[in-house]
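My notes follow in the order in which I looked things up.

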Amino acid sequence: MMHFYKLVATLFLSLLISQAAFAKWDEERDMTTNGKEELVYYYKTNEQGQKLVLDKYVKRLIFIRPDRLYKRSIKQIKIDGVVVDVTSDPFSRYPEQTAIIFDNKDEVLKKLFLAKKIEFNVLYGRDQAESVFLIK
């Protein structure tokens, strides 16, 4: 019987620790189009007013930057200083949003959840701008 209580305590402790890891990201809730399921998205907003959304359902990042230069490209990101090659795909219906897609989705998502700093260069034709998100 004592083994059972240790197991329950261990599970409860690991649940608290995992919640603490997610607490570094802000949370946003949305209902599915049929209104039957609630979806939870994690996001961060940086000092420039840009938003980075962690979409765990499609396993991608969504970079949101309201500006007039909608043709943007992102080829790699840095997660705590480690370079990860990515591809980017702008949303046709929401031109201020760009999906950031990576090959090893599960591994990269895990790193993103635990990250302290995410940075990347956004290319606008020949011009580029750096975006940095600090996750505390």
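Before I name any element, I note that helices (H or I, at least four residues) and strands (E, at least two) are DSSP runs, numbered from the N terminus. The model is predicted, so I kept to its rules, under which local features need pLDDT of at least 70, side-chain atom pairs count only at pLDDT 80 or more, and totals for chains, interfaces and linings use all residues. Residues are numbered from 1 along each chain as its sequence is written, and side-chain values use heavy atoms, with hydrogens and water left out.

**Confidence**

I looked up pLDDT, the predictor's confidence in each residue, from 0 to 100, and found a chain average of 81, with 81% of the residues scoring at least 70. Over residues 2-22 the pLDDT is below 50, and beyond near neighbours in sequence this stretch has four contacts in the model (contact means heavy atoms within 4.5 Å). Where pLDDT is low, the predicted coordinates should not be read in detail.

**Sheet**

In what order do the nine strands lie in the sheet? I read an open sheet in the order 1-2-3-4-7-6-5-8-9, with antiparallel pairing, where two strands pair if DSSP finds at least two bridges between them. Strand 1 (26-31) and strand 9 (127-134) stand at the edges with a single partner strand each, so one side of each is left without a neighbour in the sheet. From one strand to the next the twist averages 30°; axes here are lines fitted to C-alpha atoms, for helices over the stretch in contact, and angles run from 0 to 180 degrees between N-to-C directions.

**Pairings and hairpins**

I then followed the pairs one by one. Strand 1 is joined to strand 2 by six bridges, and Asp30 has Leu39 as its bridge partner in strand 2; these two strands form a hairpin with six residues between them, in whose turn Gly35 has a positive phi of about 75°. Strand 2 (residues 38-45) is joined to strand 3 (residues 51-55) by four bridges, and there Thr45 has Lys51 as its partner. Strand 5 and strand 6 pair over four bridges, with Gln76 opposite Asp85, and in their hairpin, which has two residues between the strands, Asp80 takes a positive phi near 50°.

**Pockets**

Of its 13 lining residues, Tyr41, Val53, Asp55, Arg60 and Ile62 lie nearest its centre, and strand 1, strand 3 and strand 4 each supply at least two residues of the lining.

The second largest pocket has a volume of about 170 Å³, and its lining residues include Lys44, Thr45, Val132 and Leu134. Strand 2 and strand 9 each supply at least two residues of that lining.

**Glu130**

Lastly I checked Glu130, which is in strand 9: its C-alpha atom is separated by 5.8 Å from that of Phe120, ten residues apart along the chain.

Definitions and conventions: 1 Å grid on protein atoms, 1.4 Å probe; cavity = no way out; pocket = protein on both sides within 12 Å on 5 of 7 lines; lining within 4 Å. Points joined across faces, edges and corners; volume = space filled by probe spheres on them.
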